[in-house]
Amino acid sequence: MALWGAVFVAVKSGERLGVPGLELAAGRALPAGAVLGAIAMLRMRPALLVRRDYVQLAGMAISIAAMYGIAFVVAPRLPVAIDALLAN
């Protein structure tokens, strides 16, 4: 619950300061992706991934980034509760 509230406060503070929605989304997703990617690289065995897997992972990353980008761009036009729900 505290994490949900923290995201709400961060999004609304960023909007009030005039930070563009895509920058808010990138500021949230890029560090999380870097940490999760590093953990995955440390834990995986070298022979597990083939070229097809990298294409699928890239497609998933692009679709998630697009969803977050759209959610944060339209965030100023949404009610506060919906905004916080989409941000999580």
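# A tour from a surface patch to a pocket

Start by selecting Tyr54, Leu57, Met60, Ile64 and Met67. Together these residues make a nonpolar patch on the surface, with an accessible area of about 490 Å² in total. Keep in mind that this is a predicted model.

**The whole chain.** Zoom out and switch to a cartoon view. You will find four helices and zero strands. Read from the N terminus, the order of elements is α-α-α-α. Now colour by burial. The chain has 88 residues, and 18% of them count as buried. Show the surface next. Its accessible area comes to about 6600 Å², and carbon and sulfur atoms account for 74% of that. Then turn to contacts in the chain. Take those between residues at least 6 apart in sequence: 69% of them join residues at least 24 apart.

**Isoleucine 64.** Return to the patch and pick Ile64, one of its members. Isoleucine 64 sits in helix α3, which spans residues 51-73. Is this residue buried, exposed or partly exposed? Its relative accessible area is 45%, so isoleucine 64 is partly exposed, falling between the 20% and 50% cut-offs.

**The largest pocket.** Next, look for open space. Rolling a probe the size of a water molecule over the atoms shows where empty space is left. The largest pocket has a volume of about 720 Å³. Its lining counts 21 residues, and those closest to the centre are Gly33, Gly37, Leu57, Ala61 and Ile64. Leu57 and Ile64 are also members of the patch you began with.

Which helix gives the most to this lining? Select α2, residues 21-43. Helix α2 gives the most, with eleven residues. Both α2 and α3 supply at least two residues each.

**Alanine 61.** Stay at the pocket and select Ala61, among the residues closest to its centre. Alanine 61 belongs to helix α3. Its relative accessibility is 45%, so alanine 61 counts as partly exposed.

**Across to glycine 33.** Finish with a distance. Draw a line from the C-alpha of alanine 61 to the C-alpha of glycine 33: the two are 9.1 Å apart in space. In sequence, 28 residues separate alanine 61 and glycine 33.

Notes. Residues numbered from 1 in each chain as written. Predicted model: local features only at pLDDT ≥ 70, side-chain atom pairs only at ≥ 80, totals over all residues. Heavy atoms only, no water. Patch = residues over 30% accessible without salt bridge, like charges linked within 9 Å, V, L, I, M, F, W, Y side chains within 5 Å. Areas by Shrake-Rupley, 256 points an atom, 1.4 Å probe, with all protein chains shown as cover. Salt bridge = Lys/Arg side-chain N within 4 Å of Asp/Glu carboxyl O. Buried < 20%, exposed > 50% of the residue type's maximum accessible area, 1.4 Å probe, protein only. Contact = heavy atoms within 4.5 Å. 1 Å grid on protein atoms, 1.4 Å probe; cavity = no way out; pocket = protein on both sides within 12 Å on 5 of 7 lines; lining within 4 Å. Points joined across faces, edges and corners; volume = space filled by probe spheres on them.
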